[in-house]
Amino acid sequence: MPEAGLLTGEGWECPQYLPAADGSGRGALIVAAWDDHDGPRSVLALVGEEHDNVLHPAAPQLLDHGADFYAPALLPAPGGRWLLWGWSWEAREQEWSDADGWAGLLILPREVTLTEDGRTHQRLAEELLALRGERILHAAGLASNSEPVDLGTVGRSFDLTARLDVTGRAGLRLVTSPDNSEYLDIRLDADAGELVVNRDRASLDPRARGGTYKIPCPGGGPVDLRIVVDHSIAEIFLATGEALTVRFYPVGEQGFSPKFDRPWRLEARAATGARLDCTVDAWDLQPLQIKQAAAAAPGRKGRVS
């Protein structure tokens, strides 16, 4: 079932069903698609209406526009919400991850809903606001004609919101090496109507994968983003409900390791003839702490809070 070249693959893994919150009979089948030639491909949503317990979907749509999101899992949450988790694999050679002794991680939980026009809408679960620590950045900048604007520094784990008003091609650059040679680009192309994430220069180590990934992003006004970065992963959300997950492995001068905490820099950048007016806020991302309740009395169940 193609849509602009999108295929459902030869097999499905981790099928999940998302009902509409309004009880209208609409729903979405969310699947991880794979084929024999390429292996795991992407996560798709088939949104449609139920008739006689059969879902009649429209064309499939990408649930995540990046290369590093797979194996979705839905869980019900308080308030009638549905939260989605997924698996993010490594985007580097196995030799590297074997040497580090770990591979893969769970993405942050997302609240997923269905829109009236037949799309999935994603945003980070509201509970994640509790992981915000100190606000480390509050900046505004105006970039034009290839002259970068330094917005400030961030750590290696942060939660960022940005409003970008773009003419032409412009956006944000996360610079992760002192000599500016290593960076992750997140830019808007107002003419093409896309948000573009480029990781070709996001690691000086050739064992890391590159690539460019795009989210449809209609123009006509400012664009609101939320970006959560945690060492080797960036999860990017548009206010329109689109999402993109990408792994990247900054090494700078010291190598990719959580023990090094030299700050990274955030820049506003615009191509020649373009213009970017932006406002950015960022908070430290605090570790999740799970507190185990005291042992329950005999005959009573314990509780984790």
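What follows is a walk through the fold, from the overall make-up down to single residues. Keep in mind that this is a predicted model.

Of its 305 residues, 48% count as buried. If you take the contacts between residues at least 6 apart in sequence, 57% of them join residues at least 24 apart.

Now for the interior. In general, nonpolar side chains in soluble globular proteins tend to be buried together. Here the largest nonpolar core has 42 residues, and the members that touch the most others are L160, L164, L195 and V280. The biggest contribution to this core comes from strand β13, residues 157–167, which gives five residues. There is also a second, separate core of 18 residues, with A20, A45, L63 and W89 among them.

V280 is a handy place to look around. Setting aside neighbours within four places in sequence, V280 is in contact with L137, H138, A139, L151, L160, T161, A162, L172 and L266.

Six strands make an open sheet with antiparallel pairing, ordered β11-β22-β13-β18-β19-β20. The edges are taken by β11 (132–144) and β20 (243–247); each has a single partner strand, so one side of each has no neighbour in the sheet. From one strand to the next, the twist averages 15°. At the β11 end, 10 bridges join β11 to its antiparallel partner β22, and G141 is found opposite C278 of β22.

Leaving out residues up to four places away in sequence, A271 touches N145, S146 and R169. For a sense of how the chain folds back here, A271 and T167 are 104 residues apart in sequence, yet their C-alpha atoms are 9.6 Å apart in space.

Strand β16 (residues 194–198) is worth a stop too. Four of its five residues are buried, so the rest of the structure largely encloses β16. What does it pair with? On one hand there is β15 (residues 183–189), paired antiparallel with β16 over five bridges, where R187 stands opposite V196. These two strands form a hairpin with four residues between them, and G193 in the turn has a positive phi of about 70°. On the other hand, β16 pairs with β17 (residues 212–216), again antiparallel and over five bridges; there, E194 has P216 as its bridge partner.

There's another hairpin at β1 and β2, with six residues between the strands and a positive phi of about 65° at G23 in the turn. Strand β1 (residues 11–19) and strand β2 (residues 26–35) run antiparallel and share seven bridges, one of which has L18 partnered with A28 in β2.

If you like checking backbone torsions, two residues that are not glycines deserve a look. C14 has a positive phi of about 55° and lies in strand β1; with 32% relative accessibility, C14 counts as partly exposed. N53 has a positive phi of about 65° and belongs to the loop between β3 (39–51) and β4 (54–57). At 75% relative accessibility, N53 counts as exposed.

Finally, the rings. A search of the whole structure turns up three aromatic pairs. In one of them, F248 and W264 have ring centres 6.3 Å apart and planes at 50°, so this pair is tilted. The two residues are 16 apart, with F248 in the loop between β20 and β21 and W264 in strand β21, and both F248 and W264 are buried. Two arginines also sit over ring faces: R173 lies over Y183, 3.6 Å from the ring centre, and R92 lies over W102, 4.8 Å from the ring centre.

Notes:
Residues are numbered from 1 along each chain as its sequence is written. This is a predicted model: local features need pLDDT of at least 70, side-chain atom pairs count only at pLDDT 80 or more; totals for chains, interfaces and linings use all residues. Side-chain values use heavy atoms; hydrogens and water are left out. A nonpolar core is a set of buried Ala, Val, Leu, Ile, Met, Phe, Trp, Tyr and Cys residues joined through side-chain atoms within 4.5 Å. Buried means under 20% relative accessible area, exposed over 50%, partly exposed in between (1.4 Å probe, protein chains only). Contact means heavy atoms within 4.5 Å. Two strands pair if DSSP finds at least two bridges between them. Axes are lines fitted to C-alpha atoms, for helices over the stretch in contact, and angles run from 0 to 180 degrees between N-to-C directions. Rings of Phe, Tyr and Trp (its six-membered ring) pair if their centres lie within 6.5 Å; planes under 30 degrees apart count as stacked, over 60 as edge-to-face and the rest as tilted. A charge sits over a ring if NZ of Lys or CZ of Arg is within 6 Å of the ring centre and within 35 degrees of the ring normal.
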